Amino acid sequence: MRLIGRPNKHNRGVGSIIGAVFVALILLSGLTFYAVTLGITQHYNDTMSSMSDMDWNRNQENIVIKQIAITSTNKLNVTAENDGPVQSHLIWLGIFNKTATPENQTYQALNEYVRPGEIDNVVSNFAVISGSMYVVQLVTESGNVVESRFYPASFVSCALTLVAAPPTVYQGNNVTVLFTVTPNDTGVDSIQGLTVTLNATPANFVQLVNNSSLSVSGLAQGTSAFFWWVYNATNVGTVVFNGTYNQAPIGIYALISINVLAHDTGPTGPQGPAGFSTNATFTNLILNYPFGGTPTTMRPNDLGASTCLVYPFEIDRNITVTNIYIRSNNALANCLLIGIYDSAGTRLYVSNALNTVDSGWIAIPGISVTLASGTYYFGTTNNNVASNTAAYTVTPSIGTATLPRWGYVATSSGAMPASITPSSIIKSSGTPGTTTAGWMCYVLLSSVTS
Amino acid sequence: MVLQSRNQSKPNNHFFVRAVNSERKDTMRIVHSLFRNKRGVSEIIASLMLVLIVTSAGVIAYSYSIGAFSSFTSLFQLNTNQKEKQAQERLAVVAVWNSSNQLNLTVLNYGQIDLTIDTVYINWTSVASYLGGRGTTIGKGVLIQISFTSPVTIQSGSTYEIIVVSTRGSKNAVNWKA
């Protein structure tokens, strides 16, 4: 390098170059740090976006505990359904014993993935004590927690429904009793074991034929368990069924009653007695009888000679009555007259004196009375027979109730009135006797449709 | 002095002028020669000095800019990192139960990073006496139980607001009915 003399023109501007280099370095450094800052910001934004996605997923997640049951090994079987649109990852099962003092909390690690719409069963790996109050908790990886209160039946009130079909049954036939239990206690999500009971009163009036399983394991709030029993009606009368469940709170039960009627074989054989038409139909007046209860008996003396029992009935078609059958309780000669009146009270038919039979049917053949559809009255008198023989079969007392046109009119000497005044029918249960306020039951009009 | 002696030895003006001119030329030649030599040395030094000055200024400016950039970036990164960590934290109180005045909280970490519980408030009153769980690092997806003596008296049937705060400042509040 030359130290003395004029510097080479190539050496000129070295300072500027150096300065420019430094400026370039500074700019490069600035750019580098800018890039680093940009990277940090981008990472931060990515993280925020990731957390935002996580929060969105958390909000979308919807795990529902559908049912909880105790297994035969006293483990908890939790049925959970994913009702949300995203997959859920169950990571903890919590079981809290609320009965224990202090409360006992146990957590079990899970690794269950539940897809949308999928139902998953989780069985605890530790035993629980039946009869204790538990809170069951499922925790998801997204941080959602779903709880279910799983209590014994003794802490839960349920809506009960008891139905008997048919409500009126003939002796010897079966009746089915349906029982529905629906937990509606908002404080409890699921019942542990539930065992139902059904008691019949009087117990000897029905006999159990068959029944469904009477226990369910775990019943969620709002869901119903159905139970059924089939009973055979063995005795005539009213049977009350009382349905409830074991350990039910006081006052939680349901009642239903059925009427068991005496077995009715009707006139024997399809051809029936003489004059019984093969194309005949029966109009059973007893079907109009609105009360249940056990048919009872009545004596001619109870009926009295000055009373004509009147019972209204309706037919919905034109018929020609060809036979009449009346159930009786005891044999007694000439103790019964029957008559049919139209809606104006005009007598359309009157029988001869009839003999009652012992626990059988009084058959009155050879009738030909045409009845158009409409309202009619059926009348009975004792034909002036004084007897304490319980000859008639009648409906049970109706107590103090008063029924429209269910009553009697006056007559004399036990004769069938030539006509009656419907508006004058005494609608009282008091006569002819407080214990025999009913009316002849099992009256069949055998007829042909005209 | 030299000039004066020369003027005295040459009284003729013409001669004197010529002599003076001649002498001035010599002097100028010498001065010029000297000056010419001095100018070459100054350019190199000046160049070196300029290079040094520019280099020094560049180093200073670069160092300052690097420091400033670095400081800014570090601060930015620190702040961003803190915010990011806090944003990644998620915690939830999944269960509360008590035994007399001792409260037990079950806390779930469902965030993306580990966290540590720092403070618990009951009805806006800070818990002073912890029996366990505080300061323990909770991993992702892990439950931890925090036990402490309630700073307020727990009455059955009453509702209390419980706030759990992490060391990074994340919190979760629940209303708990005793």
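Leaving aside neighbours within four places in sequence, A:Ile426 is in contact with A:Gly407, A:Tyr408 and A:Val409, where contact means C-beta atoms, placed from the backbone, within 7 Å. This residue sits in the loop between strand S28 (407-410) and strand S29 (443-449) of chain A; strands (E, at least two residues) and helices (H or I, at least four) are DSSP runs numbered from the N terminus. A:Ile426 counts as partly exposed because it has 16 C-beta neighbours inside 10 Å; the scale calls a residue buried with 20 or more other C-beta atoms within 10 Å of its own, exposed with 12 or fewer, and partly exposed in between. The C-alpha atoms of A:Ile426 and A:Leu309 are 9.5 Å apart, although 117 residues separate the two along the chain.

A word on the source: this is a predicted model, in which local features need pLDDT of at least 70, side-chain atom pairs count only at pLDDT 80 or more, and totals for chains, interfaces and linings use all residues. Residues are numbered from 1 along each chain as its sequence is written, while chains are lettered from A and ligands numbered from 1 in the order in which they are written.

**Confidence**

The predictor gives the complex an ipTM of 0.71 and a pTM of 0.57. Chain B averages a pLDDT (the predictor's confidence in each residue, from 0 to 100) of 81, and 77% of the residues score at least 70. Residues 1-11 of chain B have pLDDT below 50, and beyond near neighbours in sequence this stretch has six contacts in the model.

Chain A holds two helices and 29 strands, and 34% of its 450 residues count as buried.

**Where the chains meet**

The contact takes 34 residues from chain B and 38 residues from chain A. On the chain B side, helix H2 gives the largest share, 23 residues. That side has 18 nonpolar, 12 polar and four charged residues; here Ala, Val, Leu, Ile, Met, Phe, Trp, Tyr, Cys and Pro are nonpolar, Asp, Glu, Lys and Arg charged, and the others, Gly among them, polar.

**A sheet in chain B**

Chain B has an open sheet of four strands in the order S1-S2-S7-S5, with antiparallel pairing; strands pair if DSSP finds at least two bridges between them. S1 and S5 (129-132) stand at the edges, each with a single partner strand, so one side of each is left without a neighbour in the sheet. S1(B) and S2(B) pair over eight bridges.

**Backbone details**

Here are some backbone angles to check in your viewer.

| Site | Feature | Angle |
|---|---|---|
| A:Ala165 and A:Pro166 | cis peptide bond | omega about -5° |
| A:Thr201 and A:Pro202 | cis peptide bond | omega about -5° |
| A:Ser413 | positive phi, not a glycine | phi about 55° |
| B:Trp124 | positive phi, not a glycine | phi near 65° |

A:Ser413 lies in the loop between S28 and S29 of chain A. B:Trp124 is exposed, with 9 other C-beta atoms within 10 Å.

Technical notes:
Two residues are in contact if their C-beta atoms, placed from the backbone, lie within 7 Å.
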